[in-house]
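Welcome, and thanks for taking a look.

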Amino acid sequence: MAGLNEICITQTAATVLALLGEKKGAEMAGPDRRDIAPAEKLYGGGGCERVFMYHPDAVAMWIYEKYRAHFAQLEKRAALRLPMRSVVPPVTPVAFASMYSGLQPAQHGIMKYEKPVLGVETVFDRLPEAGKRVAVISTQGDSISLIFLERQVDYFIYPTKQECNEKAMGLIAEDTYDLIVLYNGDYDYYMHRRTPEGKRALQALDENIDTWCGIYDRIRDCWKGHRTALAFAPDHGCHRMLGFLGTHGKEEPCDMNIMHFYSFLQEQAEP
């Protein structure tokens, strides 16, 4: 469809694996070279030792373009901006299933808004098999807290976003995980109940950006000596329904197009 971004979120799974020096599964979409090349250049082909994936829900590319000033501090820290395309239908469990399995919905089996445990291979299977430690942090009942269960990863599921973010900061300080995945669904929550451009939704957007910037600063302070990739990676976009309330799920640029940001940090340990 005209107007849709080229790079699909199905490529994210292989990108995460490649950044950590692991091969993708046979059925997974390949990594996008635009994701990996900056890390290879910075780290001399050695890949990353840590990856942190931050997932704010429903932050559309058109929101980024219209409210770009809100992203100023994020852009100062980000080395790479990638226009991405969600999957059909662009709803949260479908999108995250594709993002971490590397498969289209018809392949992984979640084809509507439902949250069963995925039966296909995912990043959360391959990394533990390779001896990598993985942490998944999410609010209770949300897609990431449910569809990736029954893997050999550590799950930190809490009632509030604040508890999730505090745990993420704590895990960074502990410095024991190779991959940390953190989900914040508050922009999506207020977008649905108000409007994508309402005061409370934009406040949530600002909080998401501040959280990512705080994660960046925490990693810079605590992961000295580690080659690290940090992503700001929404799952899908949104649009106004009947000119007011927010929603998503259409195969149209407003819901399909999103912007992913990557930062590559390389801090030298102090002597």
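## A buried asparagine

N208 counts as buried, because its relative accessibility is 0% (buried means under 20% relative accessible area, exposed over 50% and partly exposed in between, with a 1.4 Å probe and protein chains only). This residue sits in helix α11, residues 199–222; helices (H or I, at least four residues) and strands (E, at least two) are DSSP runs numbered from the N terminus. The side chains of N208 and Y54 are joined by a polar contact of 3.3 Å. Such a contact is a pair of N or O atoms within 3.5 Å; within protein, one must be able to donate a hydrogen and the other to accept it, and residues adjacent in sequence count only if both atoms are side-chain atoms. Not counting residues up to four places away in sequence, N208 touches Y54, P56, V59, N184, D186, Y187 and F232, where contact means heavy atoms within 4.5 Å.

A word on the source: this is a predicted model, in which local features need pLDDT of at least 70 and side-chain atom pairs count only at pLDDT 80 or more, while totals for chains, interfaces and linings use all residues. Residues are numbered from 1 along each chain as its sequence is written, and side-chain values use heavy atoms, with hydrogens and water left out.

## The sheet

In what order do the strands of the open sheet run? The eight strands follow the order β1-β3-β10-β7-β2-β6-β4-β5, with mixed pairing; two strands pair if DSSP finds at least two bridges between them. At the edges are β1 (7–8) and β5 (154–158), each pairing on one side only.

Strand β2 (residues 50–56) runs parallel to β6 (residues 179–184), and six bridges join them. Y54 has L182 as its bridge partner in β6. With β7 (residues 227–232), β2 pairs in the parallel sense over five bridges, and there V51 stands opposite A229. Both faces of β2 are covered: R50, F52, Y54 and P56 are buried on one side, and V51, M53 and H55 on the other. In β6, I180 is buried, at 0% relative accessibility. Leaving out residues up to four places away in sequence, I180 touches V51, F52, M53, A135, I137, L171, I172 and W223.

## A covered helix and the cores

Which residues have the most contacts inside the largest nonpolar core? They are M53, F124 and L179, in a core of 44 residues. A nonpolar core is a set of buried Ala, Val, Leu, Ile, Met, Phe, Trp, Tyr and Cys residues joined through side-chain atoms within 4.5 Å. Helix α5 (residues 92–101) gives the most to this core, with six residues. A second, separate core has 42 residues, including A58, I172, L230 and F232.

Helix α5 is mostly covered, with 10 of its 10 residues buried. Just after α5, G102 takes a positive phi of about 75°.

## Aromatic pairs

The structure holds 14 aromatic pairs; rings of Phe, Tyr and Trp (its six-membered ring) pair if their centres lie within 6.5 Å, and planes under 30 degrees apart count as stacked, over 60 as edge-to-face and the rest as tilted. The rings of Y64 and F71 are edge-to-face, because their centres are 5.0 Å apart and their planes are at 90°. Both Y64 and F71 are buried. Another edge-to-face pair is Y100 with F148, at 5.7 Å centre to centre and 80° between the planes. Y100 lies in α5 and F148 in the loop between α8 (143–146) and β5, so this pair ties together parts that are 48 residues apart in sequence.

Y54, the partner of N208 in the polar contact, also belongs to one aromatic cluster with Y64, F71, F232 and F261.

Is N257 buried or exposed? N257 is buried, because its relative accessible area is 7%. This residue lies in strand β10, residues 257–266, and its side chain reaches the backbone nitrogen of N5 at 2.9 Å. Beyond its neighbours within four places in sequence, N257 is in contact with G3, L4, N5, A60, M61 and M84.
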